[in-house]
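Hi,

Here is the structure I said I would pass on.

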Amino acid sequence: MHRLPRLCALAVLLAGCASAPSNPMSFFVTSTGSGKGADLGGLAGADAHCEKLAASVGAGGKGWRAYLSTTGATGVNARDRIGSGPWVNAKGVTIASDVASLHGSNNLSKQTALTEKGELINGRGDTPNTHDMLTGSTPDGRAVADAGDSTCGNWTRSGEGSAWVGHHDRIGLRDDDASRSWNASHPSRGCSQDALKATGGDGLFYCFATR
């Protein structure tokens with residue numbers, strides 16, 4: 001006689017669980033790199049790394065994309081890969097409302113460019129300094145147009161070559177636009193893990209959710 005009300009109550013409980021919000025994070029800095037310097041397995045490998053890290057904290061399945069440009073006949077711009085925004089970090093702080101503001105007056109800093117775990121990344125003045133983020137991009141988020149290597153062979157090399165990086169903490173050796181740039185500060189010394197560390201990096205990069 002009381003079976004139906006109990007089943008209804010159970011159905012309501014299950015429905016509530018099913019609709020419980022997942023982790024709202026839509027932006028993070030990778031807590032770890034590939035371990036092979038700038039060899040990320042190409043864009044596909046970098047995107048998969050973003051998805052894996054996001055899934056580890058309950059934020060998977062959002063169309064995660066690495067903020068990386070590539071060059072050549074099939075080259076792509078990082079700004080065209082990351083969706084339309086808005087993006088929030090692991091603490092729910094808005095990084096940028098859209099692509100234009102991301103490449104304009106965004107809210108990226110050492111305090112807001114957090115990992116998927118909500119942790120800070122070392123910046124200038126910390127030991128070791130790991131503020132260099134792989135991007136292969138210009139300040140407006142497009143592929144570097146010169147003849148040199150700016151993406152470590154489109155993110156497949158861990159030896160010779162170079163990649164453009166940005167400073168997640170917006171601090172460099174000088175007080176200029178390049179030093180304050182989150183996505184286009186300077187080229188790396190090489191593509192290996194040791195070469196990236198030598199210029200203040202650790203093979204880390206930005207991840208954005210596209211949905």
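Below are notes on the pockets and the salt bridges.

This is a predicted model, so read it with these limits: local features need pLDDT of at least 70, side-chain atom pairs count only at pLDDT 80 or more, and totals for chains, interfaces and linings use all residues. Residues are numbered from 1 along each chain as its sequence is written, and side-chain values use heavy atoms, with hydrogens and water left out.

Pockets: these are open sets of points on a 1 Å grid over the protein atoms alone, where a 1.4 Å probe fits, with protein on both sides within 12 Å along at least five of seven lines; lining residues have an atom within 4 Å of a point. The largest pocket holds about 230 Å³ of space, the volume being that filled by probe spheres set on the points. Its lining has 14 residues, with His131, His167, Leu173, His186 and Thr199 nearest the centre. The second largest pocket holds about 170 Å³. Its lining has 13 residues, and Pro139, Arg170, Asp177, Ser181 and Asn183 are the closest to its centre.

Salt bridges (a side-chain nitrogen of Lys or Arg within 4 Å of a carboxyl oxygen of Asp or Glu): the whole structure has eight. One of them pairs Arg180 with Asp175, closest N and O atoms 2.3 Å apart. Asp175 is exposed at 70% relative accessible area, while Arg180 is partly exposed at 32% (buried is under 20%, exposed over 50%, partly exposed in between, with a 1.4 Å probe and protein chains only).

Cheers
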